[in-house]
Amino acid sequence: MLYDCAIIGGGPAGLNAALVLGRARRNVILFDDSRPRNEVTRQTHGFITRDGVSPGEFRQAAYRDLSRYASVLCKPERVVSVNRTSTFRLTTDRGECYVARTVLLASGLREALPSIRHIHEYYGSSLFSCPYCDGWERLDEPLVVISEQPLAYHMARTVRQWSRDLIVCTNGKPALTDDQRQALRRKGVGLYEQPIRCLNGEQGQLKSSLLEDGTELRRTGGFVETAWFQAAPFGEALGCRSNPLGGLAIDSLGRTSVAGVYAAGDTCAIAPSQLIVAAAEGSRAAIGINSDLIHADF
Ligand SMILES: Cc1cc2nc3c(=O)[nH]c(=O)nc-3n(C[C@H](O)[C@H](O)[C@H](O)COP(=O)(O)OP(=O)(O)OC[C@H]3O[C@@H](n4cnc5c(N)ncnc54)[C@H](O)[C@@H]3O)c2cc1C
């Protein structure tokens, strides 16, 4: 069977694209290997009508919606290669091959946390990456911003909107300029630029950050600057151009620089993204794909 579109990734971007394409009577196959960027969290926030649902509930509701459209097929498989000729040939980890006229890359990003002992035990339960997603739940708590990058200052200024009881730890890295140090101190933000030995707490609840010099900083939550990388290599492998921050470059309808290849969601993010943004981009890319297929066929 020749599919109109093969979607790689069943996060909000891919799922919403599948919905819009299904409703446009397109034959769609959506692949997902169930490793979304927010898999460590218990609740997701900031998506109107589903504020506070778990990532699992979000996906179940999406699959329920898609089950009404017979032309949308969801495959819990990982795509391992995409080859382009006049169509696209996708191979999955089960060795199955599928052919499609277009491909939507919605495979998202993966995150790398700073190398600090025990940090993974708290990420997603009391330590987060986006204050817009999880700041409200930590309102006025004693918080730490952990950032080894030049964005430390920006992150600290932003998080202060949710709590004035704030410190910044740069884990021994030169993340702040003198002007930034002065500005943060003037606002009462504590600065700790020595290496962090480990984070302490229990059952995902952060209690303190222990520095190499023995200083223990009591904190009940915080935000950490992460590094991002593409979850799947297909954009680069197909020759799609990147934007300056490393996401895939797209136009307003999700078209990449390669004909027939579209992208949506975190995979083209140029700033920390959100579920609702990814879903909206999926919808726009679906409209781009459907318009281009109509143009080709009419
Ligand atoms: C800790 C944390 C908390 C967050 N909290 C919130 C929040 O509260 N509110 C909010 O709006 N946003 C939140 N986010 C951000 C949000 O998770 C992302 O912006 C959103 O998931 C991006 O959607 P996406 O569809 O682009 O990618 P994803 O949701 O990451 O989905 C991509 C999917 O593609 C699949 N995939 C990848 N490669 C392949 C392949 N080769 N074959 C098949 N499938 C593949 C993955 O398994 C994954 O399921 C949070 C992020 C993190 C890290």
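**View A. An oxygen atom of the ligand sits 2.8 Å from a polar backbone atom of D266.** Taken alone, the ligand exposes 1000 Å², and the protein buries 99% of that (Shrake-Rupley areas with a 1.4 Å probe; for residues, only the protein chains shown count as cover).

A word before you look further: this is a predicted model, in which local features need pLDDT of at least 70 and side-chain atom pairs count only at pLDDT 80 or more, while totals for chains, interfaces and linings use all residues. Residues are numbered from 1 along each chain as its sequence is written, and side-chain values use heavy atoms, with hydrogens and water left out.

**View B. The shell around the ligand holds 37 residues.** Which of them come nearest? They are D32, D33, R35, H45 and D266; a residue is near a molecule or strand if one of its heavy atoms lies within 4 Å of it. By type, the shell divides into 14 nonpolar, 13 polar and 10 charged residues. Here Ala, Val, Leu, Ile, Met, Phe, Trp, Tyr, Cys and Pro count as nonpolar, Asp, Glu, Lys and Arg as charged, and the others, Gly among them, as polar. Helices α1, α4 (131-134) and α8 each supply at least two residues of this shell. Helices (H or I, at least four residues) and strands (E, at least two) are DSSP runs, numbered from the N terminus.

**View C. Helix α1 covers residues 12-23.** Its 12 residues reach 16 Å from the first C-alpha to the last, close to the 16 Å expected at 1.5 Å a residue (the expected span is 1.5 Å times one less than the number of residues). An α-helix has 3.6 residues a turn, so residues three or four places apart point the same way. Which residues of α1 are buried? They are P12, A13, G14, L15, A17, A18, L21 and G22. Buried means under 20% relative accessible area, exposed over 50%, and partly exposed in between (1.4 Å probe, protein chains only). Those buried residues pack against β1 (2-8), β2 (28-31), α2 (55-66), β3 (72-75), β6 (97-105) and α8 (275-297). Just after α1, look for R25, which takes a positive phi of about 65°.

**View D. Helix α8 has 23 residues.** Its end C-alpha atoms are 33 Å apart, in agreement with the 33 Å it should span at 1.5 Å a residue. Its buried residues include L275, A278, A279, G282, I289 and L293, with E281 and N290 buried as well. The partners of the buried residues of α8 are β1, α1, β6 and β17 (261-263).

**View E. R255 belongs to the loop between α7 (234-237) and β17.** Is R255 buried, partly exposed or exposed? R255 is partly exposed because its relative accessible area is 28%. The side chain of R255 makes a polar contact of 2.9 Å with the side chain of D251. Not counting residues up to four places away in sequence, R255 touches A249, I250, V261, Y262, G288 and D292 (contact means heavy atoms within 4.5 Å).

**View F. Two loop residues, T49 and D140, are worth a visit.** T49 lies in the loop between β2 and α2, and has a positive phi of about 80° although it is not a glycine. With 66% relative accessibility, T49 counts as exposed. D140 is found in the loop between α4 and β9 (143-146); it too is not a glycine, yet has a positive phi of about 60°. D140 counts as exposed, at 60% relative accessibility.

**View G. S125 is in the loop between α3 (119-122) and β8 (127-128).** At 17% relative accessibility, S125 counts as buried. Leaving aside neighbours within four places in sequence, S125 is in contact with R42, R138 and G204.

Notes
A polar contact is a pair of N or O atoms within 3.5 Å; within protein, one must be able to donate a hydrogen and the other to accept it, and residues adjacent in sequence count only if both atoms are side-chain atoms.
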